[in-house]
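Open the structure in your viewer and keep the selection tool at hand.

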Amino acid sequence: MSAEATNPSTPVPVVPTAVTAAVAPASVRRKSRPRIDLRRLGRAALLGPNARDRLPDAIGHVVEAHRAHHPDADLEPLRRAYVLAESSHRGQTRKSGEPYITHPLAVTLILAELGAETTTLTASLLHDTVEDTEVTLDQVREQFGEEVRYLVDGVTKLEKVDYGAAAEPETFRKMLVATGSDVRVMSIKLADRLHNMRTLGVMRREKQERIAGVTRDVLIPLAERLGVQALKTELEDLVFGILHPEEYEHTRELIAQNAALTADPLAAVAEEMRGVLREAGIPAEVLIRPRHFVSVHRVARKRGQLRGADFGRLLVLVGEDADCYGVLGELHTCMTPVVSEFKDFIAVPKFNLYQSLHTAVARPDGQVVEVLIRTHQMHKVAEAGVVALGNPYAAGTDAPAADGPGADDPADGERADPTRPGWLSRLLEWQQAAPDPDTFWSTLREDLAQDREITVFRPDGGTLGLPEGASCVDAAYGQYGEDAHACIGARVNGRLATLSTVLKDGDTVELLMGQDPASEPSREWLEHAHTPAARIAIQRWLTTHPGGGAPADEPAGYRADADFRERRAHESGPGGRPQGADVGTDRPGAAVRLAGCCTPVPPDEITGFPVRGGVVTVHRVECAAVAHMKSRGRTEIGVRWGESTACRVTLVAESFGRRGLLADLTEAIALAGGDIVSATVEPPSEQRVRHTYTLQLPDAAGLPSLMRAMRDVPGVYDVSRTQPPAPASRTP
């Protein structure tokens with residue numbers, strides 16, 4: 001049986017009814033709907049005959065909740081789905097002894113309360129029929145259509161008989177792939193898990209903990225990413241009660257003690273806010289939103305001693321987006337704002353569709369009250385996430401693709417509609433590269449543990465969604481897949497950066513790709529890879545190329561003995577003056593030497609200083625050594641370029657390591673008319689290599705074109721004249 005449960009009379013570590021009533025937010029309480037006795041409904045379904053032309057009494061509560069959100073919905077599919085589910089499950093019971101039909105009824109009611117549309121509710125009623133009864137997917141298609149068949153298939157488990165220990169991870173893989181084409185699959189699964197968690201008490205302790213662990217690691221993060229906060233928060237509390245019963249009980253006592261107090265600071269501030277907004281003429285509803293158990297526990301661990309305002313937040317609901325900012329302005333004007341607590345998730349929504357303004361105000365007694373400001377529609381989406389979007393594949397949206405409802409993808413690989421967010425696209429991509437169930441299962445948990453997302457921009461205006469903490473390595477594999485093996489570097493916000501650079505939200509990233517088809521990733525990239533797609537691609541390459549992959553201290557194509565000295569040409573003339581250097585001085589007959597620290601060339605602005613032996617050294621005026629010598633009182637000597645334009649210059653080329661780079665650079669220098677006097681390649685660092693060349697040029701006017709030719713060599717990202725740091729000052 002797919003849904004295991006316990007007798008409701010068995011003690012279960014969930015929120016007691018009295019406490020729930022005390023802490024439940026007003027917007028969530030049902031004003032007139034009585035508590036549903038699913039046991040009675042299930043037995044009535046078995047015993048009470050129902051005419052074919054009217055709705056069965058057992059789904060009356062589902063219909064009531066559904067009509068509240070969709071008053072014009074066609075209820076006939078629900079009637080037929082219930083009749084098929086009830087007759088198919090007839091005779092089956094849950095572990096508690098309840099008729100099995102109570103489970104699909106409860107799951108469907110959860111979704112109806114969230115505002116799910118009719119197709120989702122129809123599939124929810126049938127979600128266990130194919131798995132646990134004689135009903136087939138073909139029958140579901142014939143009676144209810146392809147969409148319902150697809151949803152039912154998406155949540156149907158794979159058999160342990162066929163998959164053994166891999167059944168659970170492969171079932172989740174199948175479910176996630178189906179979710180990629182229709183997020184309603186995961187909506188049904190989340191509601192299914194919530195009802196099973198509510199009724200988990202009769203299981204053996206170890207099985208409770210195993211199911212709670214999977215719920216914590218996989219289902220709760222998925223609920224968060226899909227924005228279904230109403231399900232996520234209750235799942236968190238149920239898992240908390242099973243895995244941490246002592247801390248749960250302590251938190252329950254704290255909430256109960258606070259609920260028993262007569263003075264409520266949240267109520268006082270709420271009333272003050274209502275008055276402020278009435279005077280401002282802004283129609284608004286101010287509600288108290290008590291924190292759920294896990295939230296209270298987190299605040300207690302963060303702040304220590306809790307005060308009344310720590311047990312909840314205030315929620316301000318308005319009609320229009322502009323009213324949100326109007327409310328914010330009034331509260332910040334008439335009350336004492338805590339500016340550091342302000343966050344605008346309306347202008348910049350979270351990746352899970354969440355929108356709201358967050359702020360806080362301080363009371364005279366020092367307590368800080370957190371405030372959420374949003375429209376009614378934003379609130380609906382904040383609570384129900386993708387469920388609140390209704391049917392995203394209805395008429396007027398993109399047509400369904402062949403592999404499932406709504407599986408169309410635009411050219412850049414991201415869904416046009418918000419039900420296919422970037423994180424889901426990335427998950428679907430990397431899971432294809434993880435054929436081993438154990439690798440998939442462990443990687444899925446790691447991926448879902450990264451619960452914050454950033455957006456970075458490409459130079460072409462496109463975007464990449466990445467988890468917080470992602471590096472340029474992750475961006476490369478996110479954009480290019482396995483072609484990212486050829487990535488040689490990046491520019492972040494216009495500046496050169498190593499591939500290990502951690503990206504921030506809003507960065508612009510330009511990835512520099514090499515042209516060498518034999519390019520290979522470095523082993524050190526694994527240390528900087530934060531996303532499963534990057535790690536799996538790098539590991540797979542290393543596995544298929546034993547001994548391959550440049551080690552951390554040696555980039556691809558670099559040899560340890562690559563330090564080389566080219567032929568020394570045009571040796572220095574008398575006095576150390578390079579051949580062809582034509583500089584006149586204010587000291588007739590003095591020998592002239594061009595400074596090696598800045599290697600001036602015509603038409604650089606220059607100055608001179610006398611040194612031992614009557615020699616005058618010539619520096620560029622911006623050279624750091626000039627300022628140092630002036631500070632020590634050294635006498636400047638006037639110098640000027642002569643008629644000859646031959647020169648010697650030292651250039652520094654910075655590049656990413658690759659095979660053949662040195663040969664390509666020396667060829668570019670030769671073709672540009674330069675003779676290499678000497679050259680040195682420094683030991684590499686993080687795939688970056690620094691080359692220093694001393695060159696003799698027949699004409700200084702050719703220097704700019706030579707530097708351009710060097711920059712055009714693939715892998716070279718900068719070429720500059722030498723410019724040493726200022727000498728360190730000495731202590732007198």
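Contact here means heavy atoms within 4.5 Å. Helices (H or I, at least four residues) are DSSP runs, numbered from the N terminus. This is a predicted model, in which local features need pLDDT of at least 70, side-chain atom pairs count only at pLDDT 80 or more, and totals for chains, interfaces and linings use all residues. Residues are numbered from 1 along each chain as its sequence is written, and side-chain values use heavy atoms, with hydrogens and water left out.

Select residues 245-259, which form helix H15. H15 has 15 residues and spans 21 Å from first C-alpha to last, close to the 21 Å expected at 1.5 Å a residue (1.5 Å times one less than the number of residues). Colour Tyr248, Thr251, Arg252 and Ile255, which are buried in H15 (under 20% relative accessible area, 1.4 Å probe, protein chains only). Now look down the axis of H15: its buried residues fall within an arc of 105°, so they line one face of the helix. The arc is taken over directions from the helix axis to the C-beta atoms.

On the H15 side, Glu247, Tyr248, Thr251, Arg252 and Ile255 meet Phe293, Val296 and His297 of H17.

Finally, select H11 (residues 167-181) and H12 (residues 184-198), whose axes come within 7 Å and cross at roughly 135°. Among the residues meeting there are Phe172 in H11 and Val185 in H12.

Notes: Axes fitted to C-alpha atoms, helices over the stretch in contact; angles between N-to-C directions. Helix = DSSP H or I, 4+ residues; strand = E, 2+ residues; numbered from the N terminus. Buried < 20%, exposed > 50% of the residue type's maximum accessible area, 1.4 Å probe, protein only.
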